[in-house]
Amino acid sequence: MSAVLEVKDLKMYYSTKQGMVKAADGISFTVNQGESMGLVGESGCGKTSVSMSIMRLLAENAKIVGGQILFKGQDIVKLKEEEMNKIRWAGIAMIFQAAMNSLNPVYRVGDQIIEAILAHEPDVTFEEARERVAELYKLVGLDPKRMDNYPHEYSGGMKQRAVIAMSLACNPDLIIADEPTTALDVIVQDMILKELSKIQKKLNMSMIYISHDIAVIAEVAEKIAIMYSGKIVELSDAVTIFKKPAHPYTVGLMSSFPSIHGEKKKLVTIPGEPPNLLNAPDHCRFAPRCPFATKECWEKTPPYEEIEPNHYVACFHPQNLRKQVSING
Amino acid sequence: MATKEIEGALESPLTIKMKLAWRSFKENWKIFSESKIGVLGLWIVIIFAIAGFIVYPILAATVWKPTLSGMVSYDPVTGYDFTQMLNPAPPSLHHLLGTDPLGRDVLAQLLYSTPREFALGILAALITVFIGTIIGTVSAYYGGAVDTFFMRLADLVLLFPFIPFLIVLSGMIQIDLFRLALIIGLISGFGGITIVLRSQAMIVKVKPFIESAKVSGASNPYLIVNHIIPNVMPLSFLYMMFNVTGAIFSEAVLSFFGLLNIKMSWGLMIYTADTAGYIVGSNIGHYWWLWLPPGAAITLLCGAFYFIGRGLDEVVNPRLRRR
Amino acid sequence: MDEAKSAVAQETVLKVEHLKKFFPLRKSPFSRAKSFLHAVDDLNFEIKRGEVLGLVGESGCGKTTTGKTLLRLYEPTDGKITFLGKDVTHLKSAQDRKWFHSKSQMIFQDPFESLNPRKTIFDIVSEPMNIQNEGSLKQREERVMEILKRVGISPPDAFLWRYPHELSGGQRQRVAIARALVMNPQFVVADEPTSMLDVSIRTQVMTLMMDLIADMHMTFIYITHDLAVARYMTDHIAVMYLGRMVEYGETEDVIQNPLHPYTKALISAVPIPDPEFKRKSLQIKGGIGKAIDPPKICRFYERCPFATERCGKEEPPLYDVGNGHKVACFLYEKDGK
C-alpha cells in the first residue's frame with residue numbers, strides 16, 4: 001500500500017487579538033491508497049483546521065507554521081497558489097459541512113458540476129463533461145434526468161448526493177468529507193453513508209471522514225484518529241480504538257456514547273469542559289478532566305508514540321489503563 | 001471578554017444594574033473606539049458642543065459684552081457695528097469671521113446657532129426613534145391587519161412630498177424650531193425607520209427566548225417591552241444618530257428658503273447672504289466668509305453625527321467587526 | 001397494562017385525546033386557506049407522574065408541534081388536553097392560564113437562542129417567577145441560587161450577573177434547565193435539549209436531566225430524533241410519522257422489537273458505535289413528504305415495503321399487541337385488540 005497523504009508534525013495557528021490559537025499542534029498521520037480514515041473530535045478541537053490546512057484553504061489570520069503535508073510525495077505546504085489550484089478537486093476534493101447549501105440556487109445542478117470539470121480539465125468538451133456527470137449521477141444513486149433541475153427542486157439527501165458527485169467529478173485520489181451528514185435525518189444519513197463507503201471502495205479512493213459522531217465514524221472508517229484540543233491523542237485501526245482504547249479521553253468517549261445496540265449500559269460522563277485552544281498550556285491538555293492524571297501529566301506534554309504496532313497514543317499512562325478496560329469489558 | 005467579574009448576591013438591584021451598565025458601556029466603548037471614523041465624528045461633535053455651550057456664553061458675557069466693546073455690538077440677532085464703514089466686512093481683529101450684510105458678527109451668529117442646531121437635531125431624532133421603535137415592534141409582533149396598516153402608512157409617508165408640504169404649512173402656521181423638530185420627528189418616525197425597526201423586530205420575534213417567556217405565561221405587552229424592545233434598541237440608537245443629521249439638514253434647507261420663523265440659524269445665515277445678493281456670480285468667491293463658515297458648520301456637524309452612526313454600526317452589528 | 005402497579009402511586013398527569021393541530025396554508029394574510037398542513041393529526045396518549053415519554057421521528061413529523069401545542073404555544077385545532085384532572089385545552093380565564101403556565105415548562109434545543117442575549121443569568125432564571133409575580137426579590141434570589149447549584153452551575157453567585165455569551169454551550173443549557181425548573185413545574189417538554197451539545201457535554205446534561213426528573217417527580221416529554229438518546233432518557237416512546245403516532249410502547253420494547261415498518265427502518269438506520277457490528281438496514285423508498293390535506297390512507301403507504309392494497313384504501317387504527325405496545329399497521333390486526 002502506498003501512502004496518498006502523509007501529514008508530518010503539522011502546526012497551524014491562528015493569530016487573534018487575544019493571542020495564538022493553536023488549532024493544529026503537531027498533527028501526524030498517514031492515509032494509504034484506498035483507505036478511509038475517520039477524524040473524531042468535539043467542536044473546536046481543530047479537526048476542521050486540519051482539513052482546511054490540507055486543502056490550503058486558510059483564513060487570513062491562519063498560518064501553517066510548521067510540518068509537512070505530503071500529497072503523493074509532494075509537500076503541498078510549499079506549493080504556489082496556482083500549483084495548489086491544480087491539486088484541489090483533481091487531487092484532493094472536499095465535501096464541506098452543510099454542503100447542501102454550497103450549491104448555487106440560480107444554476108442547474110448538472111451545469112455546476114460540468115463547470116467544475118471544465119475549469120479543471122480544459123481539454124474536455126462540454127458533451128464529454130455532460131456524459132461524465134450522467135455517469136457520476138448513476139454512481140451516487142441519482143437519476144441523470146435530474147441534472148437539469150435547480151437545487152431547490154432537490155431534497156436534502158439529493159443535494160448531498162449531488163455534492164458528492166461534484167467532489168468525484170475530477171477523479172480525486174483523496175476525498176475529505178467534513179461532517180457531510182450532520183444536517184440530515186437518520187434514514188437519509190444511512191443511505192448517504194452507505195453510498196459514500198460503496199463508492200470509496202469501488203473507486204479505491206482514499207477518504208478522510210471528519211465527524212463528532214463516533215457511531216458514524218464506526219460505520220465508514222477503517223482507521224480512526226481521535227483529536228483533542230489541537231492534537232491527535234490516539235490513532236489506530238477502528239477495532240482497536242473501539243475495543244481496546246488506550247487514551248483516557250477515548251475511553252471516556254466510548255463509554256459516554258449511547259447506543260441502541262446491545263445491553264443498555266450505564267453512561268459514564270467525562271467531567272469538565274473541552275479547553276479553549278487559546279494560549280494552550282504546556283502540559284497534557286486532557287489532564288484537568290482525566291481521572292488518571294498524575295503529577296507528570298501536569299508538567300509536560302506526553303509524547304505521541306507507537307505503543308504497539310499501528311497504535312499511536314499520546315498519554316503517560318496508557319498501559320495500565322488498557323488492562324483495566326479489558327478486565328471490565 | 002468580560003472585563004471585571006461582578007460577583008456576589010444582590011447587594012442592591014440598582015447598584016448591580018448600574019455596575020452592569022457601566023461594564024457593558026466600557027465594552028462597547030472599546031469596540032467603538034477602534035473605529036477611527038466614529039471617534040473623529042465624536043471629536044467634531046464635542047468641539048461643536050464646547051463652542052456652542054461653553055465658549056459662546058463666556059464670550060458673550062466678557063469680550064462681547066456690549067458695555068465692554070463700546071460701539072461694536074456682537075449681538076448675533078440685532079447687533080450692528082457702527083465702527084464699520086461698509087458691511088459685509090471681511091474678517092478683521094474685531095470680527096474674526098467678518099460681518100454679514102446687516103453688520104452682525106458672523107462668528108457670534110455661528111456660535112449662537114450651535115446649541116439650537118443640537119437641540120433641534122436631538123429632539124427630532126428622539127421623537128423619530130420613540131415612534132419608530134414602538135410602531136415597528138408592535139407591527140412586527142402582532143402582524144396581520146395592524147402590521148399592514150402601519151406599513152402602508154409608512155409607504156405613504158416615505159412618498160410624501162416633504163418640502164412642498166412644509167412650504168404650504170409655513171404659510172398657515174408659524175414654524176419655529178420646536179415645531180419643526182416635532183414635524184420632522186413625526187414624519188420620519190412613521191416612515192423609513194419604522195420599516196427598518198420592524199424588520200429587526202421580526203428577527204427577534206421568532207427567537208426561542210420569546211417562546212420560552214410565553215411558556216411561563218408572559219403577556220404580549222410584557223414580551224414587547226422586556227424582550228423585543230431591548231433587542232431592537234441598539235439599532236434604534238444607531239438610527240437616531242442618522243436622524244440627527246437628517247433634521248439639521250432639513251432645517252438648513254428650509255431656512256435657506258426662508259420658511260422658518262426663527263431668529264438665527266446656520267441656514268438663515270446663508271439665506272441672509274443670498275437674499276442680499278452676495279452668493280451670486282463672482283460675489284461667491286469674494287464674500288466667502290458669508291457662506292463658508294455656516295456651510296462648513298452644517299457639513300461638519302451633519303457629517304460628525306453620521307460618522308458616529310458608522311462607528312456605532314460596528315458596535316451594533318457584530319458581523320462588521322474585524323476580529 | 002400492569003393494573004396493580006398503575007393503581008398504587010401512578011397518577012395520570014397529562015392526558016391527550018384526539019389532539020389535532022392543522023396549519024392553514026394561505027397565499028396572503030387576507031385570503032382564505034384552501035389547504036391545511038396536518039402537523040399533528042389525532043394524537044392520543046397519557047403520561048403518569050415521573051414518567052418520561054419520548055417523541056421520536058424525523059424532522060417534519062410533528063413532534064415539536066406536538067410539544068408546543070401541549071404547552072399552548074399553539075392553539076389546538078381539535079381534541080382535548082387534560083392536565084392534573086383539569087381541562088386545559090383552551091385556558092379561557094386568566095386564572096387558569098396562570099395556573100397552567102406556572103406548572104408547565106419547556107427546554108429548547110439551542111441554548112444560545114433560548115436565552116435573551118441582553119439579560120443576565122439572574123434575570124433569565126428568575127423570569128418565570130417574575131412573570132408570575134412569585135415571591136419577593138430576596139426569595140427569588142435564594143431560589144435562583146438554589147436551582148443554579150442544583151444544575152451544576154457553581155459557585156452560583158459568580159454567574160448571576162453574567163450574560164449568556166460569557167458561558168459555554170453546556171453551561172448555557174444548564175441555565176436553560178434551571179430556568180425551566182425554577183418554579184418546580186410538574187410537566188416539562190424538552191425539545192432536542194442535547195442535540196447542539198458536544199459529545200462529552202451531552203452525556204453530562206443527559207445525566208443531569210435524568211437525576212432531576214427522578215428527584216422532582218416531573219412528567220417529561222423528551223423530543224428527539226436520536227433513538228440512542230431516547231433509549232437512555234425515556235420510559236415510553238411514541239414514534240411519529242407525518243403527524244400521526246405510528247407506534248407506542250415501552251422504550252426497550254420498541255427499540256428491541258420494533259413492529260411498524262417505519263420504526264423498523266428508522267431503528268435499522270441508526271449507526272452503531274461498533275466497527276465489528278454489521279447492521280442490516282431496511283431500505284425504504286423516497287423521502288419524507290408533507291401532510292397537506294392527506295387522504296384517509298396509511299401515511300407510510302407509498303414508502304412501505306410491506307404495503308398491501310388495503311393500506312392504500314383505509315387508515316390503520318392503533319392495534320394493542322400487549323404490554324401497552326401499540327402499532328398503527330394492518331400487519332398486526334390479528335395480534336392486536
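**Exercise 1.** Among contacts in chain A between residues at least 6 apart in sequence, what percentage join residues at least 24 apart?

*Solution.* Start with the ground rules. This is a predicted model, where local features need pLDDT of at least 70, side-chain atom pairs count only at pLDDT 80 or more, and totals for chains, interfaces and linings use all residues. Residues are numbered from 1 along each chain as its sequence is written, while chains are lettered from A and ligands numbered from 1 in the order in which they are written. Two residues are in contact if their C-beta atoms, placed from the backbone, lie within 7 Å. With that cut-off, the share for chain A comes to 66%.

**Exercise 2.** Check the radius of gyration of chain A against the globule rule.

*Solution.* Take the radius over C-alpha atoms, and let the rule be 2.2 Å times the number of residues to the power 0.38. For 329 residues, a compact globule would come out near 20 Å; chain A has 21 Å, so the two agree. Along the principal axes, the C-alpha atoms of chain A fill a box of roughly 65 × 50 × 40 Å.

**Exercise 3.** Work out the order of the open four-stranded sheet in chain A, then find its edges.

*Solution.* First, get the elements: helices (H or I, at least four residues) and strands (E, at least two) are DSSP runs, numbered from the N terminus. Chain A has 10 helices and 12 strands. Next, pair the strands, which takes at least two DSSP bridges between them. The order is β2-β1-β4-β5, with antiparallel pairing. β2 (19-32) and β5 (74-75) of chain A each have a single partner strand, so one side of each is left without a neighbour in the sheet. Now zoom in on one pair: 11 bridges join β1(A), residues 3-16, to β2(A). Across that pair, Leu5(A) stands opposite Val31(A).

**Exercise 4.** Describe the side of chain A that touches chain C.

*Solution.* Count first: the contact takes 32 residues from chain A and 34 residues from chain C. Then look at the elements: α7(A) gives the largest share of chain A's side, five residues. Finally, sort by class, with Ala, Val, Leu, Ile, Met, Phe, Trp, Tyr, Cys and Pro as nonpolar, Asp, Glu, Lys and Arg as charged, and the others, Gly among them, as polar. That side of chain A has 17 nonpolar, nine polar and six charged residues.
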